[in-house]
Amino acid sequence: MSLNKNNFSLFFLLFLTVTVFSQERVSDSTKTETLGEVIISATRTLRQLSSLPLPAQLVSKKEIQAVNSLRLSDILNEQTGLITVPDFGGGEGIQLQGLDSQYTLILIDGVPLIGRSAGTLDISRITVGNIKQIEIVKGASSSLYGSEALGGVINIITDTPKHGTHGSINSRVGSFETYDTSAEIGYKKNKISINAFINNFRSDGYDLNDTDALNTVEPFENYTFNTKLTYDFNDKTHLFVSGRYFTQGQEYAASGDLRGESSLREWNTQAKLSHSYNDKWQSDVEFYATRYKADEFLDTEDNFRFSASDFNQLLIRPEVRATYNPTDKSAFIAGVGWNHETLVRTDFSSKPEFNSPYAFVQYDTNPTEKLNVILGARFDNHSEYESQFSPKVALRYELSEKLAVKGSVGYGFKAPDFRQLYFDFSNGTVGYTVLGYNAVPTRIAELQQSGDIVNLFVPLTDFEGQLNAENSIGFNIGADYNPISSLKINLNIFRNNINDLIDTRIIANKINGQNVFSYYNVNEVYTQGLEFNSTLNLTTELKISGGYQLLFAKDKTAEDAFENGLVFARETPSSPSIQLEKDDYFGLYNRSRHMANFKVFYDLIDWGMDANIRGTYRSNYGLFDTNGNTYLDRYDDYVDGYAIWDIAINKTIYKNYRFGLGIDNLFAFTDTQNISNIPGRILYGSLNIQF
Amino acid sequence: MKTIKFLTLSVLFIGFTSCSEDEDDSSTPLLELESQTITNLYAPQIGGQGQGDISGEFTKFNFATGQSTTSETEWDIAFRGSTIIVNGGVSLGTNDEPARTGNAAAYLETGTFTNISAVNPVLFEQDSDTGYAIPSGGGNGWYNYNPSLNQIDPIPGKVLVFRTHDGTYAKVEILSYYKDFDSSVGANARYYTFNYVYQPNEGVTTF
């Protein structure tokens, strides 16, 4: 472990000093009575979280600061039912309701992030330094957001400036030579507000496995710049402009001899003009553009360029929305927009372009005092795959003041990505070929002409149609129960039926003995389970919360194979095969049956201190088939379940100075063979200055 | 070549043969089923996997003797890398592939080794100039190929049923492609460990 001891000791000393010598009472005069938590992502209108008919969670800035999180992945890993899963490229994608990262839409201030080079959107590239609130909406939400919102939506709401001129500086130093430094400055007066944020995050990475020349995570450094401007022309017309730029450089190595660099650059710009015509009518005109660029190369020891690849994706999205509130008990929202997407990438058959106009409408109404109904639908037309119609209905009924039941059914889809349509890749050393669905007819014809194809297993007529979007119907049924004012309990039962899952299959044999692969719609998969959350405010100073998710994620074809007695396994490698039964099927890879968290937050208001301890647990899971039958069954090797405990303590002095100390992964859990994104124990110190 | 005979006679099958009363009545007493495990049968190959054309002698095996053999005619099946050929049909024409001199044939069946108790003669196929009776390639025949581990695993529940070069039958369950079941080292590859049951009586199709 390469902890910068000097820096850390400095923080520690400072912390001790202020803790011991500054026992003056910090008055907490800003104890505002909030009207309850408000969420925008669930309906695209401001809604009170507690009355929402959909399963949703909020993570507040207060919690992010209390636990001294750095990246979005840190804080989401502590939320019930969410876990980040590292992919082969080192990115960390979120798993939600047992669905992969590619089925959860990630938004910043309501507009989507792009850059899923292999399906995963790496959420560790998002700093939490300027986040006001994270909104997590579970269940299919394509009725509002279209593609990718199949499992749910995570929306990151960034800070807006308070009145006057304010600024803050934040620094955290921790193990693995990890430095996170942020500065933010904001100004707001009369009609104008402007703020700017900069974050620098760098780390020496870490190595869990000393036997090879590579590090598990190579050293990296990144910067995030974010600026927002709002201008009120008058009471009714408002302008919002924001820009974000992210850049990261990381060492990249494939072996001791092959070394290079990978770099990421991403920018997002958003402009929105809002106007209220009267009490009932309001409209937004929004323009969003974002580009994600990833380049990497490897050089040999004698500086010969061994390989280079690039990925350059652009999304442009104009959207117009109107809201109409005929009464204070009902609201309509409708919008039309256009997604224009291009990608330039190594190993592509063409420079593809997607065009997708869309329209959506939603009606949110309270027919009675106790009943809330949301009806919504969206239509996405698309140039490259079949158009999608995504309806949704949600209901919430208050049985009593303490108990409400809710339920929702929605359609979700994920468009085939560029790779699944246009990939044209041949492995140089082994010699296999992967073709996107749309690239198959011409490339196979070429390969046949050159005599490379021995057998064609799938007729080319299979590729004349269009690849279907992966789609699902999601069901959520739950209850909110507040037996006493200090105790909140939420229960949600979910089921997602996913159809047309896109998988690869062998379509031809090549003369070199290798195969040609392409994509096709095949699997039917479901995820189902239940989620339980509870929060107890024992006193104003002490808050205890716990969450649990039970999950079954299975492939229906696999289930049938087990049921029909077609799957066999060996109890030991040398024993004869035995026939497996339905109960022996565990399910999809990388899914834990049980996940749980437990958190205690203690606010010593009189001392200007707060402290917390958090634990997260995930039960055992399988990463791949280990006994040769291609299914995850009872006799496979599993990654053992584990728990991670974190503690943090923070102290505020002179109102504007806040020191923090903490240990993430207190018991230094690692699994060097199976888990690449848990480096071990992290000690850190942090300092935050407000002005 | 180290082939170790573990057991010649399986008690398991005594019960089976004693049930076949018709056969007990025949004038010549039937030979007993031979049940054996062959351990670490080495089947090297040259080339392949991006290292040029595949070549090298096949490792031939004879069920009647329970031994590997270098005979050009008295062999039933032969191994080279992950490829298994039978002494029947015609050569696919790869380098160093032996001529077929017998009438061997094969097919793959799904089930547990003990449950596959009879030969279904209509399923037999012989090697041909377009492909082998036991298909090659991951997921097509007797093994799955795991590209992330670069590992070959016998598919559990796949039983290879053979007709020998001289018309008797055998069934085989491959247990491992690695020396001493240890797939952690690449150099351990191409060592077959398999169970087989050989029916030495001509015309008897049960195991």
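Two strands are said to pair if DSSP finds at least two bridges between them. Helices (H or I, at least four residues) and strands (E, at least two) are themselves DSSP runs, numbered from the N terminus. The structure described here is a predicted model, in which local features need pLDDT of at least 70, side-chain atom pairs count only at pLDDT 80 or more, and totals for chains, interfaces and linings use all residues. Residues are numbered from 1 along each chain as its sequence is written, while chains are lettered from A and ligands numbered from 1 in the order in which they are written.

In chain B, four strands form an open sheet in the order β3-β2-β4-β5, with antiparallel pairing. The edges of this sheet are β3 (67-69) and β5 (83-86) of chain B; each has a single partner strand, so one side of each is left without a neighbour in the sheet. From one strand to the next the twist averages 35°, where axes are lines fitted to C-alpha atoms (for helices over the stretch in contact) and angles run from 0 to 180 degrees between N-to-C directions. Within the sheet, β2 (residues 59-62) and β4 (residues 77-80) of chain B are joined antiparallel by three bridges, and Phe61(B) has Ile77(B) of β4(B) opposite.

As a whole, chain B contains two helices and 11 strands. Along the sequence these elements follow the pattern α-α-β-β-β-β-β-β-β-β-β-β-β. Of the 207 residues in chain B, 38% are buried; a residue is buried if 20 or more other C-beta atoms lie within 10 Å of its own, exposed if 12 or fewer, and partly exposed in between, with C-beta atoms placed from the backbone. Two residues are in contact if their C-beta atoms, placed from the backbone, lie within 7 Å. Among the contacts in chain B between residues at least 6 apart in sequence, 58% join residues at least 24 apart.

Strand β28 (residues 515-537) of chain A runs antiparallel to strand β29 (residues 542-555) of chain A, and 13 bridges join them. β28(A) and β29(A) form a hairpin with four residues between them, and Ser534(A) has Gly546(A) in β29(A) as its bridge partner. β29(A) also pairs with β32 (residues 594-604) of chain A, in the antiparallel sense, over nine bridges; here Gly547(A) stands opposite Asn597(A).

The interior can be considered next. A nonpolar core is a set of buried Ala, Val, Leu, Ile, Met, Phe, Trp, Tyr and Cys residues joined through C-beta atoms within 7 Å. The largest has 74 residues, and those touching the most other members are Ala56(A), Leu72(A), Ile75(A), Ile123(A), Ile134(A) and Val440(A). Strand β8 (residues 131-138) of chain A gives the most to this core, namely four residues. Another core, of 43 residues, lies apart from it and includes Ile85(B), Val119(B), Tyr169(B) and Tyr177(B).

Where the chains meet, the contact takes 18 residues from chain A and 17 residues from chain B. On the side of chain A that touches chain B, β30 (568-569) and β31 (578-579) of chain A each supply at least two residues.

The mean pLDDT (the predictor's confidence in each residue, from 0 to 100) of chain B is 84, and 84% of its residues reach 70 or more. Over residues 1-24 of chain B, pLDDT stays under 50. For the complex, the predictor gives an ipTM of 0.75 and a pTM of 0.85.
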